[in-house]
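Q: I am new to this structure and would like to learn how to read its side-chain contacts. Could you take me through them step by step?

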Amino acid sequence: MPDRPEIVCICGSTRFADEMSAANRDLTFAGVIVVAPSVFLRAEDHEADESITNEQKTALASLHLRKIDLADRVLVVNPGGYIGESTSREIAYAHATGKPISFTDPF
């Protein structure tokens, strides 16, 4: 038996923020430690003066790869089978580092 709860990293398009939040809640209630995106970069959520810079986007993408490093496995939240460019990179990274990967929807 492990000496700590399982750690799961949630990946997916920020357009699915509600679905990722639900997955986070469900996993947390199941006793799992969840690491997930905490900044959602949907253009419709930001005013012009609050937009995120390219440097910030790059830093967040790199930070998310470190979250994958911490995780025991990755859960891809992909309603309707959708997987975008950033999520594809995260999946490739998780695969390259030997992390088990599961998906909420078939694709």
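A: Let us begin with Glu-6, which is partly exposed at a relative accessible area of 32%; buried means under 20% relative accessible area, exposed over 50%, and partly exposed in between, with a 1.4 Å probe and protein chains only. This is a predicted model, in which local features need pLDDT of at least 70 and side-chain atom pairs count only at pLDDT 80 or more, while totals for chains, interfaces and linings use all residues. Residues are numbered from 1 along each chain as its sequence is written, and side-chain values use heavy atoms, with hydrogens and water left out.

Q: Which side chain meets Glu-6 in a salt bridge?

A: A salt bridge is a side-chain nitrogen of Lys or Arg within 4 Å of a carboxyl oxygen of Asp or Glu. Here the partner of Glu-6 is Arg-73, at 2.7 Å from N to O, and Arg-73 is itself partly exposed, at 22% relative accessibility.

Q: How many salt bridges does a search of the whole structure find?

A: The search finds five, and one of them joins Arg-66 to Asp-69 at 2.8 Å, N to O. Both residues lie in helix 2 (residues 54–70), three residues apart, about one turn of the helix. Another joins Asp-26 and Arg-25, with the closest N and O atoms 3.4 Å apart.

Q: How many aromatic pairs are there?

A: Rings of Phe, Tyr and Trp (its six-membered ring) pair if their centres lie within 6.5 Å, and planes under 30 degrees apart count as stacked, over 60 as edge-to-face and the rest as tilted. By this rule there is one aromatic pair. Phe-16 and Tyr-82 form it edge-to-face, with 6.0 Å from centre to centre and 70° between the planes.

Q: Is Phe-16 buried or exposed?

A: Phe-16 counts as buried because its relative accessibility is 11%, whereas Tyr-82 is partly exposed, at 35%.

Q: What sits over the ring of Tyr-82?

A: A charge sits over a ring if NZ of Lys or CZ of Arg is within 6 Å of the ring centre and within 35 degrees of the ring normal. In this model the charged end of Arg-15 sits over the Tyr-82 ring, 4.2 Å from its centre.

Methods
Helices (H or I, at least four residues) and strands (E, at least two) are DSSP runs, numbered from the N terminus.
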